[in-house]
Amino acid sequence: MARPLRVAGEKKLWYPELGIRFSPSSNSVPLYPSLDMPRFVQTASEGNDIRNDFTNEQFGYCANAVMEQDLATLATTRHDAIPQPSKNSTSTNPQIPLQRPTTTINQESENSQGTEVSKRNPEGDPEIVEPPLTPLSFNISPSLFYAARAAKAGSSESFWSHTMYQRTSDQGAVEKVKVHYCTSKHTTEQVCRKHFFGEAVLGFDLEWFPYASRSSGTRENVSLIQIASPGRIGLFHVAMFAKGEDDLVAPALRTIMEDPNVSKVGVHIQGDCTRMKNYLGVQVQGVFELSHLYKQVKYTAAKTPKLINKVTVALSTQVHDILKLPLFKGDVVRSSNWMKRLDYKQILYAASDAYAGIQLYHVLDSKRKRLNPCPPRPHHAELGLPIPVVESEPKPEEEAGHLSDSSFSSFGSELETELLALPLIPAKPPVRDARILVAEKKAAEYRKSKTSGVSAPPTSLRAYFVWHSNLDLNPEAVAQLLRDPPLKTNTVVSYILEAIVSEKMTYDKGRLKSEVLPLLDQRAMKVGNAAVPFFI
């Protein structure tokens with residue numbers, strides 16, 4: 001007797017989609033709300049045309065020429081959490097237009113008409129936490145926000161999601177954030193041109209096959225590209241594009257990614273951009289690391305600017321801290337197979353990751369603009385420039401030139417009055433040396449001009465350009481110029497040599513032998529420095 005392909009019950013080990021599973025199935029409640037499949041399928045575009053009417057649709061499924069087969073596969077995907085329509089329910093045949101459910105009530109209306117949702121936080125603190133708001137038209141629904149905060153920690157209702165965001169149209173209709181799931185290069189081109197051109201800031205993220213290696217193909221290493229604007233999310237499933245495509249990047253998407261005037265925001269974003277370059281040939285510009293803005297805002301407000309650095313902070317940490325709700329980062333979804341057609345859990349996961357970036361950016365940037373003094377926005381990461389830092393204004397009693405009333409006890413009244421009338425001169429922020437600014441600009445231009453990777457870090461390039469461009473500065477003077485208290489001279493020497501060796505920078509042999517090489521650590525000279533023979 002032939003062995004059945006599926007084992008009934010909870011202990012089945014074989015899954016056609018994922019292979020052999022060695023851990024028991026989870027009996028927990030699904031971490032995402034179940035999807036109304038007839039409504040989901042109804043949002044498909046017909047043929048190669050993109051639907052114009054997304055007014056009340058949460059998902060825009062952008063199909064290609066094999067749309068019918070795709071939709072049938074999606075509608076019949078077996079998953080325990082997907083409700084199966086009954087025989088008497090509306091047909092899911094993509095050729096027959098489906099009627100929109102007439103009894104659908106969103107959670108917003110339920111909460112507004114029913115019992116008021118508690119506004120306490122999950123820890124039971126009576127302090128009310130306000131929902132994070134931005135100048136954007138799409139903001140989080142207060143009732144959904146408070147319901148999530150009041151939900152049991154770890155439950156599906158407690159997590160942050162892009163589905164909580166909405167706006168009210170001029171006609172009074174509530175509009176949700178739209179998701180465009182595109183499985184062809186053609187529909188990707190249409191969606192990018194129609195919905196994402198002209199956006200100044202976009203959330204950006206990638207997903208790839210969890211077992212991909214450097215030698216794996218392009219589709220394994222860049223399986224899904226996600227971008228998000230305030231009102232729409234694009235999921236471009238590169239792994240599903242037609243076989244035989246020489247270039248998997250739609251021209252409009254390439255234009256967006258390579259435009260330095262469009263900020264692509266995310267966490268650990270430079271790693272994603274490296275994948276785009278190595279496997280798709282896309283030189284991403286306008287790369288904005290959210291961790292830089294997060295630390296700038298957090299530590300400037302706390303008056304501890306010395307803690308600002310470029311060490312990245314996890315996306316889930318930033319969402320919990322800034323958006324006030326936990327972000328679902330389930331390993332089962334994150335490590336799932338992104339090479340096959342996405343199920344609705346993967347769509348929700350991928351869409352939320354990209355949308356978290358755009359919302360975090362606008363909430364943080366609004367906080368930055370309210371700081372006093374207000375620091376400039378952090379630079380794009382590819383420029384390699386430091387995060388702008390401003391010192392907080394000193395308190396009046398600490399300001400230079402301030403004299404308290406008690407200081408005049410030994411003075412006559414006329415002199416006291418005259419001194420009190422003098423204007424107070426606030427302490428000016430330190431002015432950076434012009435030679436350092438010029439060197440940083442040259443370093444940024446050099447990094448931008450290189451088509452291949454740059455081995456020398458920005459600090460080494462900056463030290464090199466300061467030394468090379470100023471004949472009157474030796475390494476010791478450069479160390480004093482770069483920082484107060486000054487850097488160690490050996491550190492500056494190592495920076496200069498690293499730039500010369502790794503980037504083959506030009507140098508004056510006479511200056512190098514007289515100013516730089518004599519300052520090398522004597523222990524390194526005795527052991528034998530591989531770089532020394534290069535200069536001698």
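The paragraphs that follow treat the cores, a sheet and a helix pair.

This is a predicted model, in which local features need pLDDT of at least 70 and side-chain atom pairs count only at pLDDT 80 or more, whereas totals for chains, interfaces and linings use all residues. Residues are numbered from 1 along each chain as its sequence is written, and side-chain values use heavy atoms, with hydrogens and water left out.

The largest nonpolar core comprises 49 residues; such a core is a set of buried Ala, Val, Leu, Ile, Met, Phe, Trp, Tyr and Cys residues joined through side-chain atoms within 4.5 Å, where buried means under 20% relative accessible area (1.4 Å probe, protein chains only). Residues with the most contacts inside this core include Trp160, Ile233 and Leu235. Helix H12 (344-369) is among the elements that give two or more residues to the core, and H12 gives the most, with 12 residues. Helices (H or I, at least four residues) and strands (E, at least two) are DSSP runs, numbered from the N terminus. A second, separate core of 29 residues includes Phe196, Phe241, Val249 and Met276.

Three strands form an open antiparallel sheet in the order S4-S5-S6, with pairing requiring at least two DSSP bridges between two strands. Strand S5 (residues 165-168) pairs with S6 over 3 bridges, and Arg167 stands opposite Glu175 in S6.

The axes of H9 and H12 come within 10 Å and cross at roughly 30 degrees; axes are lines fitted to C-alpha atoms, for helices over the stretch in contact, and angles run from 0 to 180 degrees between N-to-C directions. H9 is therefore roughly parallel to H12, a term for angles under 35 degrees. Contact (heavy atoms within 4.5 Å) involves residues including Leu293 of H9 and Leu360 of H12.

Technical notes. Buried means under 20% relative accessible area, exposed over 50%, partly exposed in between (1.4 Å probe, protein chains only). Angles under 35 degrees count as roughly parallel, over 145 as roughly antiparallel, 65 to 115 as roughly perpendicular and the rest as oblique.
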